[in-house]
Amino acid sequence: MAPLPLFSLLFTFLLSLTPTFSTNSEGNALHALRSRLSDPTNVLQSWDPTLVNPCTWFHVTCDSNNHVIRLDLGNSNISGSLGSELGELKHLQYLELYRNDITGKIPKELGNLKNLVSMDLYENRFEGEIPKSLAKLKSIRFLRLNNNKLTGSIPRELTRLSNLKVFDVSNNDLCGTIPVDGPFATFPMESFEHNRLSGPELQGLVPYDFGC
Ligand SMILES: *[C@@H]1O[C@H](CO)[C@@H](O)[C@H](O)[C@H]1NC(C)=O
C-alpha cells in the first residue's frame with residue numbers, strides 16, 4: 001500500500017535537498033572565516049549562514065553564477081586570524097583585507113585561488129613567512145603585503161608570476177636578498193624598504209644562498 005513508497009519518496013526528496021546546502025562551500029568558507037574574526041563594529045553582521053548563498057552579504061560580491069569573486073574587508077576594524085578555508089573560494093579575484101588588525105600566518109592555501117587578481121593584506125599584523133604557494137597565483141597583478149611582521153626571505157618562486165605589476169613588502173622583518181628576475185626587474189626599491197633585506201641578489205651568483 002501507499003505508506004512505504006510514499007515514505008521512501010519523501011526520504012529520497014529530502015536526500016536530494018541536502019546537497020543544496022552542503023555544496024555551498026563558499027558560504028561555509030566565509031562563515032568559517034567570520035567565526036575566527038573579532039568584529040567589534042559589526043561589519044560582518046549581515047553574514048547569515050542560513051541563506052542559500054553568501055551573495056547578498058555585505059562586503060561580498062558574486063558573479064552571475066553566484067560564485068564569490070570579491071571580498072572587500074579593508075578598513076573594517078577586524079582582528080583574529082585567517083584559516084585554510086579561504087582557499088575554498090576558487091573564483092575569488094579580489095581579496096581585500098588591508099588596514100585591519102589581523103594576526104597569524106598567511107595561509108598557504110591562498111595559493112589555491114587561481115583566479116586571484118589582487119591580494120591586499122597590507123597594514124595588519126601578519127607574521128611568519130610569505131608562503132611559496134603564492135607562486136601558483138598565475139593571474140595575480142597586485143600583491144601588497146607591506147606593513148606587517150613577516151619574516152624569512154622573499155620566495156624565489158614568486159619570480160614566475162609574469163602578470164605581477166605591483167608588489168610591496170616594505171615595512172616587514174624580511175631578510176636575505178631581493179630577487180631580480182621576472183617581474184622583480186621592474187619593482188621600485190620602495191617596495192622593499194624597511195626590512196632586513198641585504199640588497200638585490202647579484203646576477204650570476206644564482207643559486208647563491210638566498211637565506212637569511
Ligand atoms: C572602525 O572603528 C572606528 C572607531 O571605533 C569607527 O569610527 C569606524 O566607523 C569603524 N569602521 C567600520 C568600517 O566600522
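Predicted model: local features only at pLDDT ≥ 70, side-chain atom pairs only at ≥ 80, totals over all residues.
User: Let's start with the ligand. Which residues surround it?

Analyst: The shell around the ligand consists of Thr 41, Val 43, Asn 75 and Asn 77.

User: Now the aromatic residues. How many aromatic pairs does the structure hold, and how should I read one?

Analyst: A pair of rings is described by two values, the distance of the centres and the angle of the planes. There are seven aromatic pairs in this structure. Take Phe 167 and Phe 192: their ring centres are 6.1 Å apart and their planes meet at 45°, so this pair is tilted.

User: Where in the chain do those two partners lie?

Analyst: Phe 167 belongs to strand β11 (residues 166–168), while Phe 192 sits in the loop between β12 (175–178) and β13 (196–200). They are 25 residues apart, and the pair links distant parts of the chain.

User: Is Phe 167 buried or exposed, and what about Phe 192?

Analyst: Phe 167 is buried, at 1% relative accessible area. Phe 192 has 4% relative accessibility and also counts as buried, because the cut-off for buried is under 20%.

User: What is the geometry of the pair of Phe 184 and Phe 192?

Analyst: Their ring centres lie 6.4 Å apart with the planes at 35°, so this pair is tilted. Phe 184 and Phe 192 are both buried. Taking the ring pairs together, Phe 167, Phe 184, Phe 187 and Phe 192 are linked into a cluster.

User: Which ring has the charged end of Arg 70 over it?

Analyst: That is the ring of Tyr 94, with the charged end of Arg 70 placed 4.2 Å from the ring centre.

User: How far apart are Leu 161 and Pro 183, in sequence and in space?

Analyst: They are 22 residues apart in sequence, and their C-alpha atoms are 7.0 Å apart. Leu 161 is in the loop between β10 (149–151) and β11, and it is buried with a relative accessible area of 0%.

User: What does the side chain of Ser 76 reach?

Analyst: It reaches the backbone oxygen of Leu 73 at 3.1 Å. A polar atom of the Ser 76 side chain also lies 3.0 Å from the backbone oxygen of Gly 74. Ser 76 itself is in the loop between β3 (68–72) and β4 (79–81), and at 4% relative accessible area it is buried.

User: Last topic, backbone angles. What is phi of Arg 99?

Analyst: Most residues other than glycine have a negative phi. Arg 99, however, has a positive phi near 50°. This residue is found in the loop between β5 (94–96) and β6 (101–105), and it is partly exposed at 38% relative accessible area.

User: And what is phi of Asn 171?

Analyst: Asn 171 is not a glycine either, and its phi is positive at about 60°. Its place is in the loop between β11 and β12. With a relative accessible area of 29%, Asn 171 is partly exposed.

Terms used:
Residues numbered from 1 in each chain as written. Heavy atoms only, no water. Near = heavy atom within 4 Å. Phe/Tyr/Trp six-rings, centres within 6.5 Å; stacked < 30°, edge-to-face > 60°. Helix = DSSP H or I, 4+ residues; strand = E, 2+ residues; numbered from the N terminus. Buried < 20%, exposed > 50% of the residue type's maximum accessible area, 1.4 Å probe, protein only. Lys NZ or Arg CZ within 6 Å of the ring centre and 35° of its normal. Polar contact = N/O pair within 3.5 Å; in protein donor to acceptor, adjacent residues only side chain to side chain.
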